[in-house]
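Hello,

Here is the structure you asked to take over. Please open it first; my notes on it follow below.

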Amino acid sequence: MEKRSIILKKEENQIFNEKHKGIKSAGFFDDLRELKNGKPVDYIIGWVDFLNCKIDLSFKPLIPRAETEFWVEKAIEEILELSKDNKLKVLDIFSGSGCIGISILKNCPNTKVDFAEVNPKFIKQIEKNLSINNIEYKNSGRANIIQSNIFDNIKDEYDIILANPPYVSTDRRGNVQKSVLEYEPSEAVFGGKDGLFFIRDFLAKAKDYLLSKSNIGPFIYLEFDSFQKSKIENMLVEYNYSSWQFFKDQFNRWRFVKIFE
């Protein structure tokens with residue numbers, strides 16, 4: 001109870017300083033009521049910081065997680081090095097807010113990113129976040145948004161594919177925070193009974209969308225739930241991927257895998 005009180009106090013200060021600029025208006029007290037009713041602080045404030053990018057949340061996509069930021073930062077370091085001598089084509093699939101692809105575009109100038117997202121609302125969210133972060137969309141040739149259910153409408157091939165699919169098992173629904181269940185989009189959270197519905201489909205097809213003539217040896221970064229590691233490894237064998245390496249997040253949980261064609 002004491003820990004929750006400390007968190008609430010911290011979130012109240014966030015709302016006070018970041019959204020209301022230190023003014024105790026009527027809107028501030030309305031926001032406090034929503035916070036105490038369980039609404040996530042990031043939705044109340046309306047945006048989050050993600051690797052030097054401002055990510056707007058006004059269309060209520062999945063809130064970017066610290067675990068995702070952790071592995072995307074690793075990917076950016078690698079992409080920066082690889083893109084010194086190569087212009088790289090990147091696919092951000094299951095894009096949601098667009099935070100992954102936008103952080104690549106903003107931090108790695110020699111890249112082009114396609115965003116693949118099925119939900120029309122979140123396509124508008126990606127467009128808004130590109131604009132907020134001063135990344136030209138459509139005319140620049142660096143950013144392109146494709147409405148697609150996984151790979152259904154993807155026509156190109158890529159040096160790098162970055163994927164953060166819905167992967168929470170519905171069997172583990174009881175372990176999910178109430179605020180997530182009540183406020184965040186369930187279609188961006190849950191991946192079927194074992195959480196692997198989207199991952200299975202993704203891995204079955206992803207090889208076909210890696211550039212066979214890439215100068216860097218194309219690869220995939222995939223986020224998953226820690227208990228899914230062994231099943232994902234079985235899939236990688238089943239779908240004939242050449243090699244892979246699993247990594248832990250900052251909380252010492254298995255969280256992402258780098259996969260080679």
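**Notes on the sheet and its surroundings**

Strands β3 and β6 are paired in the parallel sense, with four bridges between them. Within that pairing, L91 stands opposite I161 in β6. Please keep in mind throughout that this is a predicted model.

On its other pairing, β3 is joined to β4 by six bridges, and these two strands also run parallel. Here L88 stands opposite T111 of β4. Helix α5, residues 99-107, belongs with this pair: β3, α5 and β4 make a right-handed β-α-β unit.

How much of β3 is buried? Five of its six residues are, so the strand is largely enclosed by the rest of the structure. The buried residues of α5 are C99, I100, G101, I102, S103, I104 and L105. The cut-off for calling a residue buried is under 20% relative accessible area.

**The whole sheet**

The strands above are part of an open sheet of seven strands, in the order β5-β4-β3-β6-β7-β9-β8, with mixed pairing. At the edges are β5 (143-147) and β8 (243-248), each of which pairs on one side only. Direction ignored, neighbouring strands of this sheet are turned against each other by 15 degrees on average.

The hairpin of β8 and β9 has five residues between the strands, and in it N252 takes a positive phi near 65 degrees. The charged end of K248 sits over the ring of W254, 5.0 Å from the ring centre.

**Helices packed on the sheet**

Which strands does helix α4 touch? Helix α4 (residues 66-82) packs on the sheet and touches β3 (88-93), β4 (111-117), β6 (160-163), β7 (219-223), β8 and β9. The direction of α4 makes about 170 degrees with that of β7.

Helix α9 (residues 229-238) also packs on the sheet, touching β8 and β9. The direction of α9 makes about 165 degrees with that of β8. V237 lies in α9 and counts as exposed, at 52% relative accessibility. Between V237 and I123 there are 34 Å in space, C-alpha to C-alpha, and the two are 114 residues apart in sequence.

**Aromatic rings**

The count of aromatic pairs comes to 13. One of these is F28 with F29, an edge-to-face pair with 5.2 Å from centre to centre and 65 degrees between the planes. Is each partner buried or exposed, and what are the values? F28 is buried, with a relative accessible area of 6%, whereas F29 is partly exposed, at 40%.

A further pair is F197 with F198: the ring centres are 5.0 Å apart and the planes stand at 85 degrees, so this pair is edge-to-face. Planes over 60 degrees apart count as such. F198 is buried, with a relative accessible area of 19%.

One aromatic cluster is formed by W71, F219, Y221, F247, F256 and F260.

**Around G46**

G46 lies in the loop between α3 (41-45) and β1 (47-50). G46 is buried, with a relative accessible area of 16%. Which residues is G46 in contact with, leaving aside its neighbours within four places in sequence? They are I55, D56, L57 and S58. G46 and L211 are 37 Å apart in space, C-alpha to C-alpha, and 165 residues apart in sequence.

In the region of β1, K54 lies over the face of W47, at 4.9 Å from the ring centre.

Regards

Key. Residues numbered from 1 in each chain as written. Predicted model: local features only at pLDDT ≥ 70, side-chain atom pairs only at ≥ 80, totals over all residues. Heavy atoms only, no water. Pairing = 2+ DSSP bridges. Axes fitted to C-alpha atoms, helices over the stretch in contact; angles between N-to-C directions. Contact = heavy atoms within 4.5 Å. Buried < 20%, exposed > 50% of the residue type's maximum accessible area, 1.4 Å probe, protein only. Right-handed = clockwise from strand over helix to strand, strands pointing away. Phe/Tyr/Trp six-rings, centres within 6.5 Å; stacked < 30°, edge-to-face > 60°. Lys NZ or Arg CZ within 6 Å of the ring centre and 35° of its normal.
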